[in-house]
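Please keep the sequence and the structure in view while reading.

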Amino acid sequence: MREHDLTSADGTRLRGWHTESDGPVVLLCPGLGTIPEAWPALLLPSSGVRVVSWYHRGTMGSERPTDPSRITLDDHVADAVAVMDAAGVERCVVMGWSMGVMVATELATRYPERVSGLMLAAGVPGDLFGAMLGVPGVPVAVRRPIARTVVRGLRAAGPVIDAVLHRVPVNRLTASALRHSGFMLPSADTGDVVRALRRFLHHDWRWYLTLALALSGVPNRDLTGITCPVTVLGARYDLLADPRFTARAAAVLPQARIKVVPTSHFLPLEDPKTIVDELTRLLDRVAADLPLTGDSRTSS
């Protein structure tokens with residue numbers, strides 16, 4: 001993986017990253033503040049794809065916009081386009097994880113000529129806070145106010161969170177504790193979790209939560225009109241993105257493959273094989289320009 005700088009449409013300097021593997025280009029719309037290490041299978045030469053991606057505004061070397069309000073969905077979509085342009089990519093398969101699902105689906109809606117296929121993993125196309133807390137059975141009507149109140153409280157406590165998380169030792173013991181917390185599941189490789197945590201915990205958490213709140217007002221999206229092949233990977237034990245939300249949104253698309261896997265929100269870490277297998281399958285569909293047929297519409 002190599003990093004590089006590029007400039008978005010409003011002049012904000014972004015830190016992008018790319019792999020150097022052989023294969024078709026895939027644009028990765030990342031989860032909020034996530035890093036390449038969260039996708040261990042895609043960093044390997046055996047992945048069969050060349051990944052291009054970026055770090056969100058104000059994180060991991062990307063600068064904060066001069067206008068601090070420029071952190072809306074529109075801005076993230078503009079950043080995705082800038083990453084493609086900087087890489088010289090006119091059209092490719094687009095992947096999204098978590099919040100990146102919102103960006104990926106919006107990109108495909110606005111610029112269908114640039115998106116040849118979509119893979120949506122453990123995320124929703126809109127209503128970010130409404131999709132949280134589905135696994136514990138919290139009613140939809142109260143999810144948004146609960147999530148918004150919690151996130152606002154955490155943002156207010158940002159300096160305290162920084163003081164704690166920036167000092168947490170990242171080793172196999174802490175990674176193992178996280179893997180058995182229920183928030184993440186033990187199927188994630190301990191070494192992969194260590195590598196992913198080392199940088200992730202060092203966010204400016206007040207800014208991180210500001211980014212999340214800026215997207216909380218995006219309503220659920222109607223995906224009707226997306227005509228490229230689509231694969232949806234829902235996570236059965238996801239506390240942050242109810243898989244039923246995305247499945248319902250994608251159900252209007254006759255070309256969508258919907259698969260629910262037994263992971264938490266951290267699907268790329270817990271089931272990297274499914275990521276590669278389903279991405280390969282999607283790329284084959286794109287190359288052949290074939291719709292889904294028969295009973296392969298849904299699986300679990």
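In helix α8, which spans residues 243–250, the buried positions are Pro 243, Phe 245, Thr 246, Ala 249 and Ala 250. Here, buried means under 20% relative accessible area, exposed means over 50%, and partly exposed lies in between, with a 1.4 Å probe and protein chains only. These residues lie on the same side of α8, because they cover an arc of only 160 degrees around the axis; the arc is that of the directions from the helix axis to the C-beta atoms. Among the elements that cover these buried residues are α3 (140–156), β7 (230–235) and β8 (256–261). Helices (H or I, at least four residues) and strands (E, at least two) are DSSP runs, numbered from the N terminus.

The model is predicted: local features need pLDDT of at least 70 and side-chain atom pairs count only at pLDDT 80 or more, whereas totals for chains, interfaces and linings use all residues. Residues are numbered from 1 along each chain as its sequence is written, and side-chain values use heavy atoms, with hydrogens and water left out.

The loop between β8 and α9 (267–270) holds Phe 266. With a relative accessible area of 16%, Phe 266 is buried. Apart from neighbours within four places in sequence, Phe 266 is in contact with Trp 97, Phe 183 and Met 184, where contact means heavy atoms within 4.5 Å. Met 184 is 82 residues from Phe 266 along the chain, yet their C-alpha atoms are separated by 6.4 Å.

Aromatic pairs are the next topic. Six of them are found in the whole structure. Rings of Phe, Tyr and Trp (its six-membered ring) pair if their centres lie within 6.5 Å; planes under 30 degrees apart count as stacked, over 60 as edge-to-face and the rest as tilted. The rings of Trp 97 and Phe 266 have centres 6.3 Å apart and planes at 70 degrees, so this pair is edge-to-face. It joins distant parts of the chain, since Trp 97 belongs to strand β5 (residues 92–97) and Phe 266 to the loop between β8 and α9, 169 residues apart. Both Trp 97 and Phe 266 are buried.

The pair of Trp 205 and Tyr 208 is tilted, because the ring centres are 4.7 Å apart and the planes are at 50 degrees. Both residues lie in helix α7 (residues 205–214), three residues apart, about one turn of the helix. Trp 205 is buried at a relative accessible area of 9%, and Tyr 208 is buried at 13%.

Finally, one aromatic cluster is formed by Trp 39, Trp 97, Phe 183 and Phe 266.
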